[in-house]
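Q: I have a model open and I want to learn how to read it. Can we go feature by feature?

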Amino acid sequence: MKRLIRVYIRPYAGRMAWGLAVKFVGTIMDLFLPWILAYMIDTVIPMKDVGQLVFWGGAMLLCSILAMGGTVVANRMASKVAGEIVEWLRRDLFHKVMYLPSAQVDRWTKPTLISRLTSDTYNVHNMLSRMQRQGVRAPVLFLGGIVMTLTLDWVLASILLALTPVLGLIIWYLTKKSIPMYTKTQEAVDGFVRLVREDIAGIRVIKALSKAEYEKNRFDRWNRMVVDREQRAGMVTASLNPAMNLILNLGLVLVVIVGAFRVQNGTSEVGKILAFLTYFTIILNAMLSISKMFVIFSKGEASAERISQILETEDEQELDQKLTRKEALEEEGKEESGGEQTAEPVIDWGSQEEFVAFKNVTFSYYPGKPVLNKISFSLKRGESLGIIGETGAGKTAVAALLLGLYQPDSGRILVGGKDVRHQTFGQLREQIGVVFQSDTLFEDTIYENVRLGRNLTRRQVEKAIRAAQAEEFVKEKTGQSQEKLNIRGANLSGGQKQRILIARALAGEPKVLILDDSSSALDYATDLKLRRAIKEEYGNVTGIYIAQRISSISHADHILVLENGNVLGYGSHEELLNSCEPYRELYAMQTGNL
């Protein structure tokens, strides 16, 4: 909440203050209306002075116009300011999410991030808008109403003053209790969104396995949890209005009874009592507005805290800036010490030394549960590595580490001949083209899905489509790569999707190409053509091919066999057939040479 105020609200302080000032003037005009009416009833009408009556009637009309105009103008300003603040907040939050380290994304989970970008920002917008609209008006009506009643009849006003501490205590208690409840409600909503997202994405699998009833039961459990938590929080906040109504109405009864006695005794007047009852209604409505503001504030504060947790997390761009500053300081230190070389030298792109390497790398997604255990291999530029192993062996973790998506627990990783710790994420990833196991196609043209917003020429895109063996079906569709794809490429076959994704990885002409089980939907002939095209068109690329089929990696210069994060074998295809029993058995099983 402090960050929200400091970073996002403070720049709008002037505009907000101007809007609140306009709202204040309009509210004061509202407060004068009952007072003028009481004066007219008790003083002007008995005088039977038409001029005075017209004057004070005109004053009431002027106050009404100023009150209405001030309210309309201030409300429009409040809506505009709240919209601009939340637009800025949502933009920064989305930017932060895009650059969050993968470990943090795993920690928060994607549905939680979606919820914070949508429902939480909506709650903050509602809070900012309503606080500007009612944040001045309601307190001014409440306090101003009490002041005006004191000028009318201090005895009756003392009844209101006696009720004020009780009302404040109720608001404080219920607000303190409701904020944690709304936080838990949002957590339940996160889980609910996660379930819906999974079920909608996997609806084909659910139907194919007749799993609909099971998923319906899961949905019902999460739905009930969300409803229960919303009801608990709602019951707490819903008790605020009845409690305040009860106390204020009891006060109103006392005012009527005491006022009747005072009029009868001649110590008060009818106009004052009428005005007092009007002020009492104004005060009652103001208190109800204040109670609603506390409910909205409770939701908004809970959401603002959830958003701040994301915004305050260190992202990849901030880590890059730290690295850049560190390198600049080291460079200054070298100049001051006479140019001594202390940093690791960068190997030239044409070097035949270690270009991509793992050196005794251990990595775990969760502490104490290593996915890779002391893995080592090295590739010269232009060489290729095939990685094979059963599901869960740690194959995809190798790709994730090379991209800097995660950091190893121990060991060193070289990409481009340089330790990844000495490269910014931008420097690292611009060298690498990658296709993940479950990659994404966007609702756009084939051309844009390959280009993906990068500064690539049409020649580079078409070359990549051709090398990925996608040219034929792309021409059949449009001839110009302008075929519009559905979400996640639903109007393409599995093999067509994979070829478009491979074209995307190749289009940037990477120095390192990672294909993570990216040819599983291709037939053997197309797979062979793909490998040949990559060799011919991108011959200098260092390739890392992760696969389940030995035929997809047998051509590689080196093959790494993994099992439960450990190395079972490392060498060429022929070497492993002679030295690695698990590899030999897998080859025999896949080729039928048992």
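Q: Is Val434 buried or exposed?
A: Buried means under 20% relative accessible area, exposed over 50%, and partly exposed in between, with a 1.4 Å probe and protein chains only. Val434 has 19% relative accessibility, so Val434 counts as buried. Keep in mind that this is a predicted model, where local features need pLDDT of at least 70, side-chain atom pairs count only at pLDDT 80 or more, and totals for chains, interfaces and linings use all residues. Residues are numbered from 1 along each chain as its sequence is written, and side-chain values use heavy atoms, with hydrogens and water left out.

Q: Where does Val434 lie, and which residues is Val434 in contact with?
A: Helices (H or I, at least four residues) and strands (E, at least two) are DSSP runs, numbered from the N terminus. Val434 lies in strand 6, residues 432–435. Contact means heavy atoms within 4.5 Å. Leaving aside neighbours within four places in sequence, Val434 is in contact with Leu403, Asp439, Ala505 and Ile514.

Q: How do I read a loop residue such as Thr424?
A: Start with its place. Thr424 sits in the loop between strand 5 (418–419) and helix 14 (425–429). Then check burial. Thr424 has a relative accessible area of 11%, so Thr424 is buried. Its contacts include Asp320, Leu323 and Thr324, not counting residues up to four places away in sequence.

Q: How are two packed helices described?
A: By the angle between their axes and the distance between the axes. Axes are lines fitted to C-alpha atoms, for helices over the stretch in contact, and angles run from 0 to 180 degrees between N-to-C directions. Take helix 3 (residues 50–98) and helix 5 (residues 110–117): they pack at about 165°, with axes 10 Å apart. Angles under 35 degrees count as roughly parallel, over 145 as roughly antiparallel, 65 to 115 as roughly perpendicular and the rest as oblique. Helix 3 and helix 5 are therefore roughly antiparallel to each other.

Q: Which residues meet where helix 3 packs on helix 5?
A: Arg90, Leu93, Phe94 and Val97 in helix 3 meet Leu113, Arg116 and Leu117 in helix 5.

Q: How many disulfides does the structure hold?
A: A disulfide is a pair of cysteine sulfur atoms within 2.5 Å. The structure holds 0 disulfides. Cysteines can still be checked for burial. Cys63 is buried, with a relative accessible area of 9%. Cys580 counts as buried too, at 3% relative accessibility.
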